[in-house]
Amino acid sequence: MASEEASLRALESLMTEFFHDCTTNERKREIEELLNNFAQQIGAWRFCLYFLSSTRNDYVMMYSLTVFENLINKMWLGVPSQDKMEIRSCLPKLLLAHHKTLPYFIRNKLCKVIVDIGRQDWPMFYHDFFTNILQLIQSPVTTPLGLIMLKTTSEELACPREDLSVARKEELRKLLLDQVQTVLGLLTGILETVWDKHSVTAATPPPSPTSGESGDLLSNLLQSPSSAKLLNQPIPILDAESEYICSLALECLAHLFSWIPLSASITPSLLTTIFHFARFGCDIRARKMASVNGSSQNCVLGQERGRLGVLAMSCINELMSKNCVPMEFEEYLLRMFQQTFYLLQKITKDNNAHTVKSRLEELDERSEVVQELRLLLMRSQEQERRSVELRGAWKQKGGNGMKGCLTCSYIEKFTDFLRLFVSVHLRRIESYSQFPVVEFLTLLFKYTFHQPTHEGYFSCLDIWTLFLDYLTSKIKSRLGDKEAVLNRYEDALVLLLSEVLNRIQFRYNQAQLEELDDETLDDDQQTEWQRYLRQSLEVVARVMELLPTHAFSTLFPVLQDNLEVYLGLQQFIVTSGSGHRLNITAENDCRRLHCSLRDLSSLLQAVGRLAEYFIGDVFAARFSDALTVVERLVKVTLYGSQIKLYNIETAVPSVLKPDLIDVHAQSLAALQAYSHWLAQYCSEAHRQNTQQFVTLISTTMDAVTPLISTKVQDKLLLSACHLLVSLATTVRPVFLVSIPAVQKVFNRITDASAQRLVDKAQVLVCRALSNILLLPWPNLPENEQQWPVRSINHASLISALSRDYRNLKPNAVTPQRKMPVDDNVTDEMLSFFLTLFRGLRVQMGVPFTEQIIQTFLNMFTREQLAESILHEGSTGCRVVEKFLKILQVVVQEPGQVFKPFLPSIISLCMEQVYPIIAERPSPDVKAELFELLFRTLHHNWRYFFKSTVLASVQRGIAEEQMENEPQFSAIMQAFGQSFLQPDIHLFKQNLFYLETLNTKQKLYHKKIFRTTMLFQFVNVLLQVLVHKSHDLLQEEIGIAIYNMASVDFDGFFAAFLPEFLTSCDGVDANQKNVLGRNFKMDRDLPSFTQNVHRLVNDLRYYRLCNDSLPPGTVKL
């Protein structure tokens, strides 16, 4: 014993030294090595058992438990049976003796170590493992400990890690399922007992004007009067110990519900009990009663009662997330929904004392809890230790105390429930006549528009979007019932539309909108304000799809009101010495103008978002509304351009000027959104020869042209350019080129003396002008397209645009075979040629195309390629990638024109590019190279495999004559090598390419692949699964192995599988035989892939077991 005690003192000293601030990293490594060596000794666990029972040093206890954990999970097979019995006996006794005094993280770790033993030995060698847990739960003194053990067991045994064989995993799951009914009964009993015990002593509150109010809605939701009465009982005030036990029980239930199937084991009694505890989250009065007399501890207990509501909702949500619902469980679901919507009614009930929003703010308790935690931390050490002990279960796996579980409020959990209800179960529940869906939408409406946070509001908008999508798909599948369905929901949808529109307007919602950040970009490159507006407009658009007339009649008058303000600004413009000035100076007037302009900008975006609902089959029916909108938009854009509001002086230039620019830009963008409607109108106008359409386009151009100037802000300039591109590309009226305003744009762009626009705008304008001349006019025959005149005009345009380039004088002649010195120039040149090949290779003609390809092939020598590629991420790499993309276009060209280049292209790939990149970890160039190889095979199959129709008929499955075999083999070898590299994106791409070649060309069936490559590929893919290097692609790899094996199942089962197992190291002959026997000879895809994953799992497990055996172990 003296040696054990000496070892303990030495270990305490080492652990203290290790965690001391002054200890160097080198010394820490020495200590770590010493501790690891100690842990590997046979019998080290005996010392650790002594340490656990004799020390109060947290570091020492944690180290000792880690030694046990390592022993059980990695070395258990090699532990003598007598030692195992002793460990199984001693650790539970230690836990039982010290569980009340151990720090909660040590206690939880010890629980896990005991559960790990059960994972290995229950029930064969540890037959009373689960019985002991049930006994702990049933004894009042050890109930919390039993619940912790139960939750840990559920976590570790229901979905165990892969250090078990598949057979053992299945056995454990079956063993646990056999215990589910007993466990759920115990947990129900615990919760009911606590509730009933404290309900008896709960004080009945005095009557109030609202206390007995259930209303018609509650009667609809709960058909049984007794149910409503039960849920209206006052919520009991629990003591700390009871709350702790209930929280543990609810956590157990939540985890159990995550994996057990829906069945009769989940009784109505259990569901009712869970809903009782869910009420803790929405009952503010009970929590306030806990904080009377200014007691800080009582206040925190009140907050934790709210957390009981959160845990109960977690249980409910686990059940809700299951999409597969047995018929016999549907009635339970209906009861759950009824009870949950009772809670929703409680949350959203409005009365004089509390508005809905203030109630939601109080339920969203996180900030209050943090303050109370700070008070707790100031208490004495003994009180603090007891508090942590009582509430340790709020957080299980170590870390920073209770904060980990305080990130989810009751409101967030409730919102999760509503999302699950709408997305998973609404279709199922709506058919029940006793479930009032419209009343539910009323509650959801109140819940949505009284959310205390923006995130909560966004989440609710997502729920409405799910509902509107459901409604749209339902109507499309039952067109005959469309009117009946819409009539049922019309009032709710109109109300939703009006409120969402109000929420995006400063006129109604200024305080909240001003809180939104409009500067910081998120991961989706949008600001908080942009996200808010986008999500709101998506809801508006979906309502428009269902109720177009109502939506338009709601939106357009609001837009019109704000437009009147904007169009009326002209009367306030006065001339000053430096230009024009807006004569609105009063602070209140400026603020009102700012709000109106912001609202107009949002409403213009809304109108633009609805453009798609005026085209196609409904064009004629909604023509009048669309024409009204477009005419107003044209008027607004012309107005802004004519009086130049973007350059006007204002009293608050930092606010009003950006507002005026934004409104002008949004009006142009909204008009651009109607370009497809204008194109459809163009077709109609062509038949009717209407002047109205001509006027619309001409006026639009009058609004756009003044903005194409260097004196206009970029935001406005780019909006004008995008509108011009849409008119030239989508609408394409015959008369566009003859409009004076368009001629001005032509003249400005081709004028050498004119100042150049910013690059992005210059490109857009040039594209628009080119498209005006190049794209065919709609609804006109070929002989009326005036191609000769347009061709001459286009040549003049290109000549003017390239004038400066053609005037450049070359400094020196670049020798052939040498790349230009500047890689950026080469990159741009190759981008140009890539575009040329993609769009105009037919027009270029064969001789010119051949000359370009040959020039490039000569230019990219091996030395030049190596120099470019070896600098990772460089412009040189991009140049090579562009060149390979050009070759991809070439090899895809049908016909025989470019076939003579195939040998040179394959040679370039396999002899020059591939050797440079093969062993480099960098992904540069690889993806493009393998895509080129895939395109070469896919589009030039006959280059490798000659086949005739007659041969196919004669031989059934054609054994084509093989040509260029060395090149084909080299390409396949390169694909195989790529599967041995860590780049998961390249792996996924190349696996897809092989599967595509098999689907389209029967690659795996070809004789050369079948006889020399097939099982090499299968072997590589199996090894990838075994080594877990690409675990994200498990499913795709399994399917590929099946497709390869299915070519020759007999060969796979009789030859490959035994050979693969023989070559596996780290497993003995008996284990190999077991692996072979367990691989069933199933030939369907699901069973085969399941067998593959079983083989991989068990192979890894056996290796882990064998590695854990002590040296010299004799294996029989």
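Predicted model: local features only at pLDDT ≥ 70, side-chain atom pairs only at ≥ 80, totals over all residues.

**Contacts and overall make-up**

I began with the contacts in the protein chain that have a separation of 6 or more: 75% of them come from residues 24 or more positions apart.

Next I looked up the secondary structure, and the protein chain has 52 helices and four strands. For burial, I found that 52% of the 1116 residues in the protein chain count as buried. I also wrote down the accessible surface of the protein chain, about 52100 Å², with 53% of that belonging to carbon and sulfur atoms.

**Aromatic rings**

How many aromatic pairs does the structure hold? I get 72 aromatic pairs. One of them is Phe-337 with Phe-341, a stacked pair at 6.4 Å centre to centre with 20 degrees between the planes. I checked where these two sit: they are four residues apart in helix H16 (residues 330–348), so about one helical turn separates them. Phe-337 counts as buried because its relative accessibility is 0%. Phe-341 is buried as well, with a relative accessible area of 0%.

I then went to Phe-979 and Phe-987, which make a tilted pair, 4.8 Å centre to centre and 55 degrees between the planes. Buried or exposed, these two? Both Phe-979 and Phe-987 are buried.

I also noted a cluster of rings linked by ring pairs. Its members are Phe-1015, Tyr-1042, Phe-1049, Phe-1052, Phe-1053, Phe-1056, Phe-1060, Phe-1079 and Phe-1088.

**Charges over rings**

Which ring does the charged end of Arg-790 sit over? It is the ring of Trp-777, and the charged end lies 4.0 Å from the ring centre. I logged Arg-503 too: its charged end sits over the ring of Tyr-457, 5.8 Å from the centre.

**Salt bridges**

A reminder to myself: side chains of opposite charge can pair when their charged atoms come close. I find 36 salt bridges in the structure.

I started with Arg-27 and Glu-17, whose closest N and O atoms are 2.7 Å apart in a salt bridge. This pair links distant parts of the chain, with Arg-27 in helix H2 (residues 25–40) and Glu-17 in helix H1 (residues 2–18), ten residues apart. Arg-27 counts as partly exposed because its relative accessibility is 28%. Glu-17 also has 28% relative accessibility, so I list it as partly exposed.

Arg-27 turns up again in a salt bridge with Glu-30, at 3.2 Å from N to O. Glu-30 and Arg-27 are three residues apart in helix H2, so they are separated by about one helical turn. At 41% relative accessibility, Glu-30 goes down as partly exposed.

Then I looked at Arg-609 and Glu-612, a salt bridge with its closest N and O atoms 2.6 Å apart. Arg-609 is partly exposed at 23% relative accessibility, and Glu-612 is partly exposed at 44%.

Which residues are linked in a network of salt bridges? I have Glu-69, Lys-109, Lys-112, Asp-116 and Arg-119.

**Cysteines**

How many disulfides does the structure hold? I count zero disulfides.

How values were computed: Residues numbered from 1 in each chain as written. Heavy atoms only, no water. Phe/Tyr/Trp six-rings, centres within 6.5 Å; stacked < 30°, edge-to-face > 60°. Buried < 20%, exposed > 50% of the residue type's maximum accessible area, 1.4 Å probe, protein only. Lys NZ or Arg CZ within 6 Å of the ring centre and 35° of its normal. Disulfide = S-S within 2.5 Å. Contact = heavy atoms within 4.5 Å. Areas by Shrake-Rupley, 256 points an atom, 1.4 Å probe, with all protein chains shown as cover. Salt bridge = Lys/Arg side-chain N within 4 Å of Asp/Glu carboxyl O.
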